[in-house]
Amino acid sequence: MPPPKDVVKIAIQMVGAIPQLIELQQTKPLAAVLKDVCDAWSLPNAEQYALQYADGRQTYITESNRREIKNGSILRLTTSPDQEAERLYSGIQSKNVDVKTDSLKKLASLSQDVTFAQEFINRNGLKQIYSIVEEGNDTGEMLAHTLKAFTELMEHDFVSWENLSTVFIKKVVSYVNMNAVDASIQQLSLSILENMVPTSRLLFELVKKEVTLDRLLTHLQATNAQLQLKAMALLIALLLTATSAERRDMMDYIREKNIRQFIHKNIIHSSEPLGDEMAHYLYVLQSVSLNLCEHRMRTSMDPYSQEQRELLQSLRQTAFESESEAPASNFSTERRRSLCAKEFRKLGFMNNSNPAEDLRRAPPGLLALDNMVYFSRNTPNAYSRFVLENSSREDKHECPFARSSIQLTLILCEILHVGEPCSETAQAFYPMFFGQDHFFEELFCICIQLVNKTWKEMRATHEDFDKVMQVVREQITRTLALKPTSLELFKTRVNALNYSEILKLRQTERLHQEETLAVPVLELRERLKPELLELIQQQRLLHLCEGTLFRKISSRRRQDKLWYCRLSPNHKVLHYGDVEEGVESPPIESLTEKIPVADMKMLLVGKECPHTKEKSSGKQNKDVLELAFSIVHDVEEYCLNFVAPTRYEFCLWTDGLNVLLGKEMTSERTQTDLDVLLSMELKLRLLDLENVSIPDTPPPIPKPPSNLNFCYDFSHAEQ
């Protein structure tokens, strides 16, 4: 008979003593449990002791977390958190260098525990940490332990970052700015500043003033990968906290220093694989850069703005200068106005008498005008060829440059998510973005010529405008999905994907759909489904056995903390635990926390998860909602919370957990995988029937023969 839920069987260790095997009554006060344990070992003063996990994070057991203890857990009897905090508080003030170093090292380790951290902070321990840093007498290993302990203590949010003194902050900044400092100290200092920046405007301004972009970019170009990562983290924190004007200035400076090219060559195309954290920062950098276009995208054209009118007129003059420049002065005002209207019509504006009206729609607003002007100034030959070529076509078949440009700008904004807030977890960036200055404008220049090419291939008229732009959108999205590494490669691939290729792809997809809708085929699909669903279930469970690296996300910032979760090979236990950066697949023995599958009650996703309810419901957390899931185990209030690194991982994990719970797989990935497998299986089964139409009803059965006296004499064949 299984033990009651309020009783767990555990082992308790103590140095120099035989371990105790006890049945822990969860309803019994922890103080009484400790007294019983101490009495068994004849230890006085039970109040000076505490229990903590023997493995992993070695968290102290308290009344609030005792329900997390599982059957078979190994605990250790140790000094209570308040006694340990008192001892280390004295130790870090010692005049003996060895004692002080050891105390700081132990403090850095124990500060990860929230119970110990509170006890240490209550003794005004942070003041001593401040003093060690501000006095600046300690360097090397001792200073590294001090900064590590400070980082861990601040992680618990007991103390506001705004309470830090200017002297302390400037001292941390000095470690970033100095050359002759150990890399580990610089990494910790950068990490402290990264945490500090988003908390207040004053701290942001102080860090921005003290740590110059030049210095930050120097660290970014270091050969030490971890130092590079921390420098990038601080740069991203500064960019996200800055105002729009400050952000623009910072991005302009980064462009001047050719940092984008450095990232493209030395980080993206480095011999070392790109880590998840760096991939996220590159995504944010790309997103921040593209979002600089948002203001122009959301601003309508002002017909009374002299600057905007001049930009508009420059389009006409660049295209028709040779035709109209000389005789223009001889024309009357009315004649000149008529000539301008005719030229704006040739440029493809809908409202040729007042072309500014075409640019009143926002988005794409003034961004469309900027793109047209950039195209006309930077590729004048291509621009003139586009306009003049279409001016000489029949009215019905001319491709309207301005109208196409406005719609194309809108399409590019939608595809590249211009104006959308940065995701907290996304890692998808375009490598070619970092290989090119003025990426958005250069991409537009390639795509507007693609519009003209596709227009001619489709032999389109004005009535086909929406169809052409739909094909162009498909050409762009299909090519971007291939992740080309440069704009040149994008240009080659997108031009190769011409209209006839798009038609072939569409026809293949349509034929595939028609094939799969025949009644006999549908019946075969239904017969194959259970077998293939079982195959998908096996794949999901295999993926859970391999495990996944998850990140801990807080409402304050993207965390550096990593944890790993995997299913045991016998599918009976989920193992999980914290891991260090760079550990890709830790052995199952190193994951100290466990949840028996039998104890799992249900799976929660999205808004139902407790960790998403704690976060604000703002637009920036939409991606977290889409990737969040929780396992409810034992009793309902205890959950293991996840935020998947990608939507793919979310689908595989939620499917796998549903399989373990004996429920149906509900993710969109299941349907996609099932469709692919059904398609492959059907094609194999119907291989002999290729190019043979399958009737909706079975053919009639022929009448039986008049006699059955027929056979084939094989003996003749053998002779």
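Let me start with helix α5, whose buried residues pack against α2 (81–91), α3 (97–110), α4 (114–122), α6 (140–154) and α7 (166–177). This is a predicted model, so please keep that in mind throughout. Helix α5 itself covers residues 125–135, and its buried residues are Gly 125, Leu 126, Gln 128, Ile 129, Tyr 130, Ile 132 and Val 133. Just after α5 comes Gly 136, with a positive phi of about 70°.

Now the overall layout. The protein chain is split into domain 1 (7–79), domain 2 (83–276), domain 3 (298–321 + 334–509) and domain 4 (530–671). Between the C-alpha centres of domain 3 and domain 4 the distance is 43 Å.

Next, the nonpolar cores. The largest has 151 residues, and the members that touch the most others are Phe 150, Leu 347, Leu 408, Ile 476 and Phe 490. Helix α21 (residues 439–458) gives this core its largest share, 12 residues. Domain 2 and domain 3 each supply at least three residues to this core.

Asn 371 sits in helix α18 (residues 365–378). Is Asn 371 buried or exposed? Its relative accessible area is 0%, so Asn 371 counts as buried. Setting aside residues up to four places away in sequence, Asn 371 touches Thr 409, Phe 440, Glu 441 and Phe 444.

Key:
Residues numbered from 1 in each chain as written. Predicted model: local features only at pLDDT ≥ 70, side-chain atom pairs only at ≥ 80, totals over all residues. Heavy atoms only, no water. Domains from an automatic or database assignment. Buried < 20%, exposed > 50% of the residue type's maximum accessible area, 1.4 Å probe, protein only. Helix = DSSP H or I, 4+ residues; strand = E, 2+ residues; numbered from the N terminus. Contact = heavy atoms within 4.5 Å. Core = buried A, V, L, I, M, F, W, Y, C linked by side-chain atoms within 4.5 Å.
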